[in-house]
Amino acid sequence: MTKENKKIKGSSEFATSLGADGLERNNLYPIFLKTKSLNVLIVGGGHVAEEKLTFLLKSSPDANVTMVSPMFREGTVTLAETGHVKLVKKKYKKRFLKGKHIVVATTDVPEVNVKVHKHCRKRSILVNVADNPPYCDFYMGGIVTKGNVKVAISTNGKSPTTAKRLRQFFEDVIPENVDDLVKNLNEYRKTIKGDFEQKVETLNEFTKGLIEKK
């Protein structure tokens with residue numbers, strides 16, 4: 001076991017605590033990043049790396065991504081051409097972290113992934129080591145996008161398969177025209193008089209019928 005593994009061994013793999021009802025709860029804080037103005041680095045060029053790039057570009061086609069690996073799958077090369085993706089055919093070195101905000105390590109060499117994690121933590125860069133929760137500052141959960149509406153799903157890193165099934169469920173139940181509702185409400189909001197609090201109260205009253213049970 002490496003020195004880095006020893007250091008992290010025993011730390012919590014998941015962000016959990018017990019709620020008032022005594023049940024385990026997810027303590028992760030969801031945010032929506034403007035990846036167009038951030039620099040993402042994916043270390044690795046295998047199947048997992050391609051999968052991470054696929055889901056990243058599906059959700060954020062304008063994301064700025066750099067991939068570093070001695071080799072890349074044919075599918076990765078093709079996918080890179082559809083977005084702002086730079087492929088660097090070299091072995092990982094810490095110099096590749098310069099200017100990066102988010103890093104995803106996906107290599108099949110544990111020592112390299114641990115090294116990436118160590119380098120990122122020293123530089124306060126958010127890092128995710130694929131399929132290794134103790135080495136993750138964040139998880140890449142299931143995402144549903146319907147126009148301007150986006151729903152992110154997390155199982156606290158415990159069951160990606162469940163997140164996938166929930167994503168499929170919400171893709172089916174959320175209507176395609178929900179984006180029309182969002183746009184219409186945005187236009188209606190512009191016509192409302194009063195301060196911020198009054199506008200919120202008016203919109204809450206106007207939309208409460210959307211969730212009332214019949």
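**Note on a predicted model: strands, crossovers and salt bridges**

1. Strands S3 and S4 run parallel and are paired over five bridges. Two strands count as paired if DSSP finds at least two bridges between them. Val43 has Val68 in S4 as its bridge partner. From S3 the chain passes through H2 to reach S4, and this β-α-β crossover is right-handed. Right-handed means that, with the strands pointing away from the viewer, the path from the first strand over the helix to the second runs clockwise. Helices (H or I, at least four residues) and strands (E, at least two) are DSSP runs, numbered from the N terminus.

2. A word on the basis. This is a predicted model, in which local features need pLDDT of at least 70 and side-chain atom pairs count only at pLDDT 80 or more, while totals for chains, interfaces and linings use all residues. Residues are numbered from 1 along each chain as its sequence is written, and side-chain values use heavy atoms, with hydrogens and water left out.

3. The overall picture comes next. The protein chain has seven helices and nine strands. Its C-alpha trace spans about 60 × 45 × 35 Å along the principal axes. Of the 214 residues in the protein chain, 31% are buried. Buried means under 20% relative accessible area, exposed means over 50%, and partly exposed lies in between (1.4 Å probe, protein chains only). The protein chain exposes about 14600 Å², and carbon and sulfur atoms supply 53% of that area. Accessible areas come from the Shrake-Rupley method with a 1.4 Å probe; for residues, only the protein chains shown count as cover. Among contacts in the protein chain with a separation of 6 or more, 53% are between residues 24 or more positions apart. Contact means heavy atoms within 4.5 Å.

4. Back to S4. Why is S4 largely enclosed by the rest of the structure? Four of its five residues are buried. S4 also pairs with strand S5 (residues 84-88), again in the parallel sense and over five bridges. Met67 has Leu87 in S5 as its bridge partner. S4, H3 and S5 together make a right-handed β-α-β unit.

5. Another parallel pair is worth a look. Strand S6 (residues 102-105) and strand S7 (residues 126-129) run parallel, joined by four bridges. Val127 in S7 stands opposite Val103. The chain goes from S6 through helix H4 (residues 110-122) to S7 in a right-handed β-α-β crossover.

6. Now the charged pairs. Side chains of opposite charge can pair when their charged atoms come close. A salt bridge here is a side-chain nitrogen of Lys or Arg within 4 Å of a carboxyl oxygen of Asp or Glu. The count comes to seven salt bridges. One of them joins the side chains of Glu50 and Arg73 (2.9 Å, N to O). This pair links distant parts of the chain: Glu50 is in helix H2 (residues 47-59), and Arg73 is in the loop between strand S4 (64-68) and helix H3 (74-80), 23 residues apart. Glu50 is buried, at 17% relative accessibility. Arg73 is partly exposed, at 34%.

7. Asp137 and Arg121 also meet in a salt bridge through their side chains (3.4 Å, N to O). Asp137 lies in the loop between S7 and S8 and Arg121 in helix H4, so the pair ties together parts that are 16 residues apart in sequence. Both residues are partly exposed, Asp137 at 31% relative accessibility and Arg121 at 47%.

8. A further salt bridge lies within one helix. The side chains of Lys183 and Asp179 meet at 3.3 Å, N to O. Lys183 and Asp179 are separated by about one helical turn because they are four residues apart in helix H6 (residues 178-191). Asp179 is buried at 10% relative accessibility, whereas Lys183 is partly exposed at 44%.

9. Asn148 touches this region. Asn148 sits in the loop between strand S8 (142-146) and strand S9 (149-153), and is exposed at 57% relative accessibility. Leaving aside neighbours within four places in sequence, Asn148 is in contact with Asp179, Val182 and Lys183.

10. Last, a surface feature. Tyr29, Ile31 and Leu33 form a nonpolar surface patch with about 380 Å² of accessible area together. Patches are made of residues with over 30% relative accessible area and no salt bridge: like charges are joined within 9 Å, nonpolar side chains (Val, Leu, Ile, Met, Phe, Trp, Tyr) within 5 Å. Leu33 is in the loop between strand S2 (24-26) and strand S3 (39-43), and is partly exposed at 42% relative accessible area.
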